[in-house]
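Dear colleague,

I am handing over the structure below, and after it I set out what was found. Please read the notes with the structure open beside them.

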Amino acid sequence: MSELLFKEESYKLIGICMKIYSTLGLGLKEINYKDAMEIDFIEGEVFYEREKKFTVKYKDKILRNPYVADFVVYNSIVLEIKSVSTIIDTHIAQAISYLSVSGLKLALVINFGEKSLTYKRIIL
């Protein structure tokens with residue numbers, strides 16, 4: 001059986017998200033959860049970049065508008081925050097696109113909008 005990619009880091013991130021969810025509950029806007037995450041990342045000394053911009057190329061030219069991920073954590077994991085009724089295929093496709101343009105291998109789509117915290121691991 002193969003080992004999970006970035007297992008320890010992923011567990012830590014999911015733990016932070018669970019703590020935020022248990023404190024704030026559901027129904028807030030994504031930005032509120034992102035702000036709470038930033039507080040916990042700073043307090044927990046988690047290295048992160050918020051609203052990380054990635055260039056997108058087309059025909060060997062860089063497009064004017066970058067692709068912006070909610071967070072890149074530990075220089076390794078794309079973290080996409082949602083506050084929706086359920087994670088859908090479009091959210092997964094968005095995470096795959098982030099991995100494609102960033103060259104990273106793991107994305108976590110975290111949803112604060114359901115009756116309990118839900119998440120999906122996407123590996124490219």
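Phe 71 stands opposite Leu 79 in strand 5, and Val 72 stands opposite Val 78 in that strand; helices (H or I, at least four residues) and strands (E, at least two) are DSSP runs, numbered from the N terminus. Please bear in mind that this is a predicted model, in which local features need pLDDT of at least 70 and side-chain atom pairs count only at pLDDT 80 or more, while totals for chains, interfaces and linings use all residues. Residues are numbered from 1 along each chain as its sequence is written, and side-chain values use heavy atoms, with hydrogens and water left out.

Strands 4 and 5 run antiparallel and are joined by 3 bridges (two strands pair if DSSP finds at least two bridges between them). They form a hairpin with 3 residues between them, and Tyr 74 in the turn has a positive phi of about 60 degrees. On to strand 6, strand 5 makes 6 bridges, and these two strands run parallel; the partner of Glu 80 there is Val 109. Between strand 5 and strand 6 the chain passes through helix 3 (residues 89–102), in a β-α-β crossover that is right-handed, meaning that, with the strands pointing away from the viewer, the path from the first strand over the helix to the second runs clockwise.

The open sheet has 5 strands in the order 1-4-5-6-7, with mixed pairing. Strand 1 (48–54) and strand 7 (118–123) are at the edges and have a single partner strand each, so one side of each is left without a neighbour in the sheet.

Leaving aside neighbours within four places in sequence, Leu 79 is in contact (heavy atoms within 4.5 Å) with residues including Met 37, Phe 41, Phe 71 and Ile 110.

Best regards
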